[in-house]
Structures are given as C-alpha cells and as structure tokens.
Amino acid sequence: MTYSIVARDPETGHLGIAVASRFFAVGCAVPYIRGGIGAVATQAFVSPLYGTDGLKMLGEGKSPDEIIRLVTERDDGAEQRQMHLIDASGRNAAFTGSKCIDWAGHLVENNVSVAGNMLVGPQVIEETLRAYQESSNLPFAERLLAAMEAGEAAGGDKRGKQSAALVIYRDQDYAWLNIHADDHGDPLAELRRLYAVAQERYIHVAETMPTRSNPHGMIDRTVIDQKIAALEAERAAAGRASASFSTPWMPK
C-alpha cells in the first residue's frame with residue numbers, strides 16, 4: 001500500500017527514507033534509521049520487527065542480504081511483506097514477497113533503493129529512482145522529495161493519497177529532520193510546505209544540537225539569531241521585489 005525510497009548520501013554518509021501511501025500515518029510504520037548504522041523500510045503487510053531487528057543486525061555488522069534472509073526465514077508471513085535497507089557503508093538489498101498486492105516490486109542501485117506495492121505499475125518506482133539519480137545537485141532532503149513527487153506523478157499508490165513522511169539521520173541516534181503528513185489530501189505537497197517551514201528556524205537550531213564528537217553543541221545563540229535574521233531579511237526583500245514587479249505602473 002506504499003512506495004518508499006531508502007538512500008545514503010555518499011558525500012556525507014547521511015541516511016534518509018521518504019515514503020507515501022494511501023494509509024494513515026505511514027511515517028510511523030515504515031521508516032527505521034540509526035545514524036551511522038543504517039536505514040530500513042518495512043512495508044506492505046508491515047512487520048515492525050523487520051525495522052527494529054534489522055537495525056540491530058546492521059549494528060552487529062550483518063549485511064543487508066543476510067538480514068533479509070534471517071528475518072524472512074523465521075516469518076510465516078514473509079511473502080506478504082516488503083522491505084529494503086542500506087548500511088552505513090552503502091551496501092543495500094531489497095525483498096518483495098510473492099503475495100504482495102500488484103503492482104509490487106523494487107529497484108536497487110548504488111546507495112539507493114526504491115520499493116512499492118499496490119501501485120499503478122512499475123513506472124512509479126522507475127520514475128522515483130530516475131528523479132533521485134538525476135537530482136544529485138540538490139540537497140539530500142530535496143532529492144528525496146523530488147523523487148517521491150516523480151513517483152506520484154507516475155501514478156503512485158493506486159488507491160490514492162493520504163500520508164507521507166521524510167526522515168533523515170546524520171551520524172547520531174536522533175533524527176536531523178523528521179516530518180510527517182499523517183492524514184492529508186496532498187501529503188507530499190504538505191511535506192514540501194513543512195520542509196520550507198523547517199528552514200525558517202528549525203534546521204538552524206538542529207545544526208547546533210550536541211553530538212558525540214561535540215557534546216556541548218553550539219551554545220552561542222547569536223549565531224542562530226543572525227542566520228534567522230538574514231533569512232527573514234532576504235525573504236522580505238524578495239517579497240518587496242515581487243510586489244513591485246506585479247503592481248502596474250499608474251500615471252498620475
């Protein structure tokens with residue numbers, strides 16, 4: 001009932017999952033990530049254990065292929081499930097059970113995989129992957145959003161739209177960005193809006209949060225205030241320019 005993309009940014013090692021579905025709060029069911037360890041998407045007839053145990057096994061050094069074998073062999077319902085995952089070094093793998101509802105399948109490439117079930121056709125994941133691969137000039141979050149939007153334009157979930165999520169981890173156990181549209185008429189558009197709102201203040205604050213290598217984080221609030229003020233000034237200037245351009249000249 002879902003399509004998703006699991007990716008690792010090779011430049012930074014950051015891990016991300018984006019997902020969309022005609023299902024309530026899909027972002028609470030599908031994505032599992034640990035910074036510096038790996039990312040797992042579990043979908044179709046969801047087993048949360050594929051996510052929780054998959055991350056544990058990644059932390060133990062098991063390969064994605066081995067993890068798929070281990071979690072599916074012990075599970076009588078495996079043929080109704082779908083999962084794809086990647087580790088911190090970029091090794092990845094995917095599984096689509098034979099009883100997933102058509103159309104169902106996956107694609108795996110370097111540092112990225114796309115998988116979906118109950119879709120209008122294979123073009124959904126093909127377009128999702130194409131858009132991701134062709135947008136390497138964009139920031140990681142925007143690449144993931146662009147990929148999902150391309151999949152939706154190709155038909156997406158054949159039942160319609162309801163929820164979507166975007167989750168990105170850097171090298172910590174907490175998310176750098178975790179935004180959800182749990183019940184919305186156009187959930188990917190809502191994710192775009194939330195991502196824009198996050199850039200006003202939230203992402204600036206996220207950059208200051210403590211990490212293992214810097215347990216203090218950045219505690220000088222003036223740096224954040226300056227960045228926010230600069231952004232607000234830039235937007236105000238853009239707004240004035242837009243208003244000036246759109247107002248017709250009127251003779252006195």
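The buried residues of helix α4, where buried denotes under 20% relative accessible area, exposed over 50% and partly exposed in between (1.4 Å probe, protein chains only), are Phe 140, Ala 141, Glu 142, Arg 143, Leu 144, Leu 145, Ala 146, Ala 147, Met 148, Ala 150 and Gly 151. The model is a predicted one, in which local features need pLDDT of at least 70 and side-chain atom pairs count only at pLDDT 80 or more, whereas totals for chains, interfaces and linings use all residues. Residues are numbered from 1 along each chain as its sequence is written, and side-chain values use heavy atoms, with hydrogens and water left out.

Helices (H or I, at least four residues) and strands (E, at least two) are DSSP runs, numbered from the N terminus. With eleven of its 14 residues buried, α4 is mostly covered, and the elements that cover these buried residues include β1 (2–8), β2 (15–21), α3 (123–133), β9 (163–169), β10 (175–181) and α5 (187–200), contact being taken as heavy atoms within 4.5 Å. The expected span of a helix is 1.5 Å times one less than its number of residues; for α4 (residues 140–153) this gives 20 Å, which agrees with the 20 Å between its end C-alpha atoms. Just after α4, Gly 155 adopts a positive phi of about 130°.

An open sheet of six strands is arranged in the order β7-β8-β1-β2-β9-β10 with antiparallel pairing, two strands being paired if DSSP finds at least two bridges between them. Its edge strands are β7 (105–109) and β10, each of which pairs on one side only, and neighbouring strands of this sheet are turned by 5° against each other on average, direction ignored. Angles run from 0 to 180 degrees between N-to-C directions, with axes as lines fitted to C-alpha atoms, for helices over the stretch in contact; on this basis α4 lies across β1, β2, β9 and β10 and runs at about 150° to β1.

At one end of the strand order, β7 pairs with β8 (residues 112–117) in the antiparallel sense over five bridges, and Val 108 has Ser 113 as its bridge partner in β8. β9 and β10 are joined as a hairpin with five residues between them and pair in the antiparallel sense over six bridges, with Val 167 standing opposite Asn 178 in β10. Five of the seven residues of β10 are buried, so this strand is largely enclosed by the rest of the structure.

A nonpolar core is a set of buried Ala, Val, Leu, Ile, Met, Phe, Trp, Tyr and Cys residues joined through side-chain atoms within 4.5 Å. The largest such core has 31 residues, and those with the most contacts inside it are Ile 5, Tyr 132, Leu 144, Leu 166, Ile 168, Leu 177 and Leu 191. The element that gives the most to this core is α4, with six residues. Another core, of 15 residues, lies apart from it and has Met 57, Ile 67, Ala 78 and Ala 93 among its members.

In helix α2 (residues 64–73), the buried residues are Pro 64, Ile 67, Ile 68, Val 71 and Thr 72. Seen down the axis of α2, these residues fall within an arc of 115°, so they line one face of the helix, the arc being that of the directions from the helix axis to the C-beta atoms. The face turned away from this buried side carries the exposed residues Asp 65 and Glu 73, while the cover over the buried residues of α2 includes α1 (48–59), β5 (81–87) and β6 (92–96).
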